[in-house]
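Biologist: Could you walk me through this model before I plan my reading of it? I would like to start with the overall fold and then go to a few side chains.

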Amino acid sequence: LAGLDLSAHVEELVPLLDVDFDMASDELIEILGSVGEPAIAPLQTYLADRSRWVWGRSRAADGLRMIAEQQPETRDRVVAFLSEQLRTAEDDYEEAVSGVVSALADLKAVEALPLIRRAFELGKVDETIDGPWGDLLATLGIEPDADDPLVAESLRRFEERQEQLFPRDLQDNLKPLRAQQQMERARAVQQASTQRHKQSKARKEKNKRKAAAASRKANRKKRK
């Protein structure tokens with residue numbers, strides 16, 4: 001499918017995000033991202049539909065982010081839409097809100113920072129996916145304020161959720177990932193004006209998918 005012109009079939013493909021299968025979801029996002037601008041409206045419709053699967057909506061935000069990165073002329077449109085989704089974060093699902101916040105952070109959407117902060121304050125962001133508030137600020141090249149109560153509260157939630165959701169052996173496996181993410185975000189503060197290498201970016205995407213997959217599995221086990 002990736003080698004075909006699918007611009008006329010995006011509306012048929014987007015609903016497949018409802019399927020709970022990580023590999024298919026990853027491939028689908030890559031395909032939709034390669035379609036570009038014609039995929040924006042269908043992905044927006046899916047993301048805005050709160051009857052859809054919450055993790056599929058999170059991946060829809062990821063697809064919009066990918067399009068905006070590959071076609072910079074669409075960035076403002078994508079950022080405006082994602083920001084608008086956060087205005088009603090208190091009425092939305094945490095998983096979807098977390099996906100939107102992650103996409104905005106990757107797009108360096110500092111213009112959306114007040115809405116992103118509000119989502120954190122509402123407790124609608126899963127810090128185990130992309131890190132606590134202080135880490136997100138570092139991703140945007142902003143030095144966190146040590147006296148900001150949200151920095152400590154978000155970090156507390158991050159550590160508490162890891163204890164609740166992840167078995168001890170999984171936490172041990174995630175420690176190198178956490179250390180790597182902290183190093184990369186610290187580097188982002190120092191080099192906010194420089195372009196990240198593609199290899200580093202690809203590694204971050206892989207890490208984020210692993211964390212999200214672990215969170216989904218842990219939540220499914222918890223429901224059982």
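**Fold, helices and charged side chains**

Modeller: Gladly, and please keep in mind that this is a predicted model. From the N terminus on, the elements run α-α-α-α-α-α-α-α-α-α-α-α, and the chain holds 12 helices and 0 strands.

Biologist: How much of the chain is buried?

Modeller: Of the 224 residues in the chain, 50% count as buried. The chain exposes about 11600 Å², and carbon and sulfur atoms supply 52% of that area. Among contacts between residues at least 6 apart in sequence, 70% join residues that are at least 24 apart.

Biologist: Which residues of α5 are buried, and what do they pack against?

Modeller: In α5, which covers residues 75-86, the buried residues are V78, V79, F81, L82, S83, Q85 and L86, and these pack against α3, α4, α6 and α7. The helix reaches 17 Å from its first C-alpha to its last, close to the 16 Å expected.

Biologist: And α6, how many of its residues are buried?

Modeller: For α6, 13 of its 13 residues are buried. Its end C-alpha atoms are 18 Å apart, which agrees with the span that 13 residues should have at 1.5 Å a residue. The helix is followed by K108, whose phi is positive, near 55°.

Biologist: Switching to charges, where does K124 sit, and what is the nearest side chain of opposite charge?

Modeller: K124 is in the loop between α7 and α8. This lysine is buried yet has no salt bridge, and the nearest side chain of opposite charge, that of D92, is 7.0 Å away.

Biologist: What does the side chain of K124 lie 2.7 Å from, then?

Modeller: A polar atom of the K124 side chain lies 2.7 Å from the backbone oxygen of D92. Leaving aside neighbours within four places in sequence, K124 is also in contact with other residues, including A89, E90, E94 and V97.

Biologist: Which residue does D92 form a salt bridge with?

Modeller: D92 forms a salt bridge with R50, and the closest N and O atoms are 3.6 Å apart. The pair links distant parts of the chain, with R50 in the loop between α3 and α4 and D92 in the loop between α5 and α6, 42 residues apart. D92 counts as buried because its relative accessibility is 6%, whereas R50 is partly exposed at 29%.

Biologist: Last one: is S154 buried or exposed?

Modeller: S154, in helix α10, counts as buried because its relative accessibility is 0%. A polar atom of its side chain lies 2.9 Å from the backbone nitrogen of W133, and S154 is also in contact with F120, E127 and P132.

Technical notes. Residues are numbered from 1 along each chain as its sequence is written. This is a predicted model: local features need pLDDT of at least 70, side-chain atom pairs count only at pLDDT 80 or more; totals for chains, interfaces and linings use all residues. Side-chain values use heavy atoms; hydrogens and water are left out. Helices (H or I, at least four residues) and strands (E, at least two) are DSSP runs, numbered from the N terminus. Buried means under 20% relative accessible area, exposed over 50%, partly exposed in between (1.4 Å probe, protein chains only). Lys and Arg count as positive and Asp and Glu as negative; His and the chain ends are not counted. A salt bridge is a side-chain nitrogen of Lys or Arg within 4 Å of a carboxyl oxygen of Asp or Glu. A polar contact is a pair of N or O atoms within 3.5 Å; within protein, one must be able to donate a hydrogen and the other to accept it, and residues adjacent in sequence count only if both atoms are side-chain atoms. Contact means heavy atoms within 4.5 Å. Accessible areas come from the Shrake-Rupley method with a 1.4 Å probe; for residues, only the protein chains shown count as cover. The expected span of a helix is 1.5 Å times one less than its number of residues.
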